[in-house]
Amino acid sequence: MSNLAHSWSISDESLRRFVHFASESCIQELLSASDSTCSSSSKVNGTNGHRNQHNNSNNNHDGWNRVHSINTDDHDGVEISKRRSAGNSFHIFRSRWLLRSVSPEQFITVANAIDAAKQWDSDLVEAKYIKDLGENLSIISLRYGDGSKPLFKNREFIVYERRETMDDGTLVVAVASLPKEIAAGLYPKRSNAIRGLLLQSGWVVERFEKDSCMVTYVVQLDPAGWLPKFFVNRLNTKLVMIIDKLAQACLQIN
């Protein structure tokens, strides 16, 4: 691995090993967020995709604060929550909702359809795969325009995406930014863009009843300082809109 002008050149195999290792903690974080609203919950055990059942007795002490909830005809139990990170340096947002008549497989098909991502995230200008590292590992570029919301405006993200199926059928999609030196070596930054930082984020999709699913979506952004209240409110609205658009897209493919 060589360092040249703040960028690193890295082989595909080294990158695959790095992403696989880095994404383990992301998967743990996502499963923990999905467990925190369940009376009986589970978590990933190592790299083998197992989830061990345990009783979570600290559901009311995990730091999540509900900021929005809604019920609609197509999906119910929608809840938007947020909490501070362990170091209190950034906010973590979580949306959790029940989609009726939508299987986990149908939801993931829609949520991972990168060519259609702009249909459910109106701020997104461009999304494309940079590199496939295996059957369940990819590197993706996400670009947002001048009209996007704060922290997304004129930003681009170089992220990994890891897709795993737990032994109980739960689907997990882990997403986070690559280190800036690796990202710069893979995909040079556009001259007028700001390279954003997406921390451990992604989806947990659990089968519920027959062909319904419970979805947890976690987004972690580092604002590098105080986050204005108006931005928190706008991001809450953005999460609700994404939920609604994804739900409608899933119902259309039934």
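Predicted model: local features only at pLDDT ≥ 70, side-chain atom pairs only at ≥ 80, totals over all residues.
Local features need pLDDT of at least 70 and side-chain atom pairs count only at pLDDT 80 or more, while totals for chains, interfaces and linings use all residues. Residues are numbered from 1 along each chain as its sequence is written, and side-chain values use heavy atoms, with hydrogens and water left out.

Strand β11 spans residues 171-177 (strands are DSSP runs of E with at least two residues, helices runs of H or I with at least four, numbered from the N terminus). Seven of its seven residues are buried, so β11 is largely enclosed by the rest of the structure (buried means under 20% relative accessible area with a 1.4 Å probe, protein chains only). L171, V173, V175 and S177 point one way from the strand, and V172, A174 and A176 the other.

On pairing (at least two DSSP bridges between two strands), β11 runs antiparallel to β10 over seven bridges, with V175 as the bridge partner of E161. Five residues separate these two strands in a hairpin, and G169 in the turn has a positive phi of about 95°. Five bridges also join β11 to antiparallel β13 (residues 201-208), where V204 stands opposite V172.

Within β10 (residues 155-165) sits E164. Its side chain makes polar contacts (here, N or O atoms within 3.5 Å, one able to donate a hydrogen and the other to accept it, with residues adjacent in sequence counting only if both atoms are side-chain atoms) of 2.6 Å with that of N136 and of 3.0 Å with that of R162.

Turning to helix α2 (residues 104-111), the buried residues are P104, F107, I108, V110 and A111. Seen down the axis, they fall within an arc of 160°, so they line one face of the helix (the arc is that of the directions from the helix axis to the C-beta atoms).

Conventions. Buried < 20%, exposed > 50% of the residue type's maximum accessible area, 1.4 Å probe, protein only.
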